[in-house]
Structures are given as C-alpha cells and as structure tokens.
Amino acid sequence: MVIAVFQCLDVAKLDPTGANLQVDWAAGCTGDLDHQIVYGFGSQFPAAPGGTYAPAGSVCAIGAAPPYAWIGSPNAGGDPSGLLWLLVLAT
C-alpha cells in the first residue's frame, strides 16, 4: 500500500541572483525530527516515464520546522534545461 502526502512547497530568492534560496514547506507530519533536501537539474529527469531519477545532491539536517535558508544553492544556469528541482523529505 502506498500513501501519498502532498504538501505545499514555496521557494523564494533571498538575493537578486538567486544564489541563496528560502525553502518553506507545510510541516504537518507529527514526529518529524528533521528534514533534508534532495535536488537535481532538468537534464537529470528520466528519459521515459517510470525511468530512474539521478539526483545531483542533497542537503541534510535542515531542521524540523520551516523555513530553511539554503545559502549557496545550486546554480541551474549551467544545465541546458535551466531548471532546478527539489524535494523536501521528512526524516
């Protein structure tokens, strides 16, 4: 059985260049001790539905409650897609 929980995720620039981001999410899971960010770029999406994702990296131990100031976030400008995707995971 798979249970999906969809929650709101907001990302905002902390500076004009976007080098630093504020990540804010709806903290609704009781018992969350911490969170982490898993991220990648548009060119790392699977080539076909059901394919394998290839994350570029992660940021661990970002805290139990939002928001998180992601200082030195990855620059998507070097990726042909120009897209940065991310997931916030409860741990």
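User: What makes S4, S3 and S6 an open sheet?

Analyst: Happy to walk through this predicted model. The 3 strands lie in the order S4-S3-S6 with antiparallel pairing. Strand S4 (57–59) and strand S6 (84–90) are the edges, as each pairs on one side only. From one strand to the next, the twist averages 25 degrees.

User: How do you know that strand S3 and S6 pair?

Analyst: Pairing takes at least two bridges found by DSSP. Strand S3 (residues 35–41) and S6 have 7 bridges, so they count as paired under that cut-off. The sense is antiparallel, and Leu86 in S6 is the bridge partner of Tyr39.

User: What makes the side chains of strand S5 alternate?

Analyst: Look at residues 68–71: Tyr68 and Trp70 point to one face, while Ala69 and Ile71 point to the other. Buried means under 20% relative accessible area.

User: How many helices and strands does the protein chain have?

Analyst: There are 0 helices and 6 strands, giving β-β-β-β-β-β from the N terminus on.

User: What share of the protein chain is buried?

Analyst: Of its 91 residues, 26% are buried. The accessible surface comes to about 5900 Å², and 60% of that belongs to carbon and sulfur atoms.

Conventions: Residues are numbered from 1 along each chain as its sequence is written. This is a predicted model: local features need pLDDT of at least 70, side-chain atom pairs count only at pLDDT 80 or more; totals for chains, interfaces and linings use all residues. Side-chain values use heavy atoms; hydrogens and water are left out. Buried means under 20% relative accessible area, exposed over 50%, partly exposed in between (1.4 Å probe, protein chains only). Helices (H or I, at least four residues) and strands (E, at least two) are DSSP runs, numbered from the N terminus. Accessible areas come from the Shrake-Rupley method with a 1.4 Å probe; for residues, only the protein chains shown count as cover. Axes are lines fitted to C-alpha atoms, for helices over the stretch in contact, and angles run from 0 to 180 degrees between N-to-C directions.
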